[in-house]
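Visitor: I would like to go through this model with you. Could we take it one topic at a time?

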Amino acid sequence: MDKRTFLKTVALAGAGALVLGQNPIQAVNHPNTSAANDPLPFPQPPLNYPYDALEPFIDARTMEIHYSKHHATYTKNFNAAVMDLKLQEKSIADIFQNISKYPPALRNQGGGYFNHNLYWSLMAPNAGGEPSGKLAQQISNDFGSFDKFKDTFSKAAAGLFGSGWTWLIFKDNKLQITTTPNQDNPLMDIATVQGVPVLTLDVWEHAYYLKYQNRRAEYITAFWNVVNWKQAESNFLQD
Ligand code: MN3
């Protein structure tokens with residue numbers, strides 16, 4: 001994350017008026033200070049759509065297990081680690097910027113918590129297509145065309161060995177594609193390439209195995225039909 005974004009994040013943390021579900025990056029960047037409904041410092045945001053809303057591209061059973069088991073477990077374990085280390089008052093951006101100083105559990109569980117929040121927000125029913133406005137222009141500038149961007153992102157996702165995530169990030173006024181292993185993300189100080197996440201794709205087998213088995217490429221192709229470009233544009237413009 002660049003200094004400007006970091007400072008903005010810190011400033012927003014002081015505002016304390018963020019509503020979960022309103023803006024995923026901002027919402028997940030800050031602890032739940034209201035504690036009105038959830039005592040956890042980092043609650044699991046509700047899905048903005050039913051489990052079956054992304055059918056036939058992402059099946060309902062996968063969504064249910066992924067959200068209610070995998071993501072719920074990361075959320076539970078991340079909150080336990082946060083409370084154990086007394087980091088309740090920290091923003092998640094601050095935690096990630098210093099992740100190398102903390103025990104590995106915080107890196108794995110915190111990444112699992114945050115990355116899925118982003119991923120859910122970046123999908124929607126009746127979505128897909130192409131971005132518009134400034135993000136479309138930037139993609140065109142940095143990749144030549146939307147199709148070239150899509151092809152490069154898809155190849156990065158298909159070629160990622162083992163479990164991890166593929167990212168479109170904004171860094172030094174340029175969009176670029178990167179991957180991270182396990183639950184790492186580009187906001188972490190240990191990431192090889194750091195930047196502000198605009199779009200992400202979970203390529204762990206649990207994200208697609210029930211429907212696509214070993215055919216990761218088919219899952220990647222399907223993903224383009226559910227990309228919530230409005231959210232990606234919002235992530236991009238926040239930088
Ligand atoms: Mn996952």
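Visitor: Is His206 buried or exposed?

Guide: His206 counts as buried, at 19% relative accessibility; buried means under 20% relative accessible area, exposed over 50%, and partly exposed in between, with a 1.4 Å probe and protein chains only. Please note that this is a predicted model, in which local features need pLDDT of at least 70 and side-chain atom pairs count only at pLDDT 80 or more, while totals for chains, interfaces and linings use all residues. Residues are numbered from 1 along each chain as its sequence is written, and side-chain values use heavy atoms, with hydrogens and water left out.

Visitor: Where do His66 and His206 lie?

Guide: His66 lies in helix 3 (residues 60-84) and His206 in the loop between strand 3 and helix 8 (209-212), so the pair ties together parts that are 140 residues apart in sequence. Helices (H or I, at least four residues) and strands (E, at least two) are DSSP runs, numbered from the N terminus. His66 is buried, with a relative accessible area of 1%.

Visitor: Turning to the strands, what pairs with strand 1?

Guide: Eight bridges join strand 1 to strand 2 (residues 174-181), and the two run antiparallel. Strand 1 also pairs with strand 3 (residues 196-202) in the antiparallel sense, over six bridges. Two strands pair if DSSP finds at least two bridges between them.

Visitor: Which residues face each other there?

Guide: Trp165 has Thr180 of strand 2 as its bridge partner, and Leu168 stands opposite Leu199 in strand 3.

Visitor: How many residues of strand 1 are buried?

Guide: Seven of its eight residues (164-171) are buried, so strand 1 is largely enclosed by the rest of the structure.

Visitor: One last item: what does Val193 touch?

Guide: Val193, in the loop between strand 2 and strand 3, touches Ile169, Gln176, Thr178 and Pro186, not counting residues up to four places away in sequence. Contact means heavy atoms within 4.5 Å. Val193 is partly exposed, with a relative accessible area of 22%.
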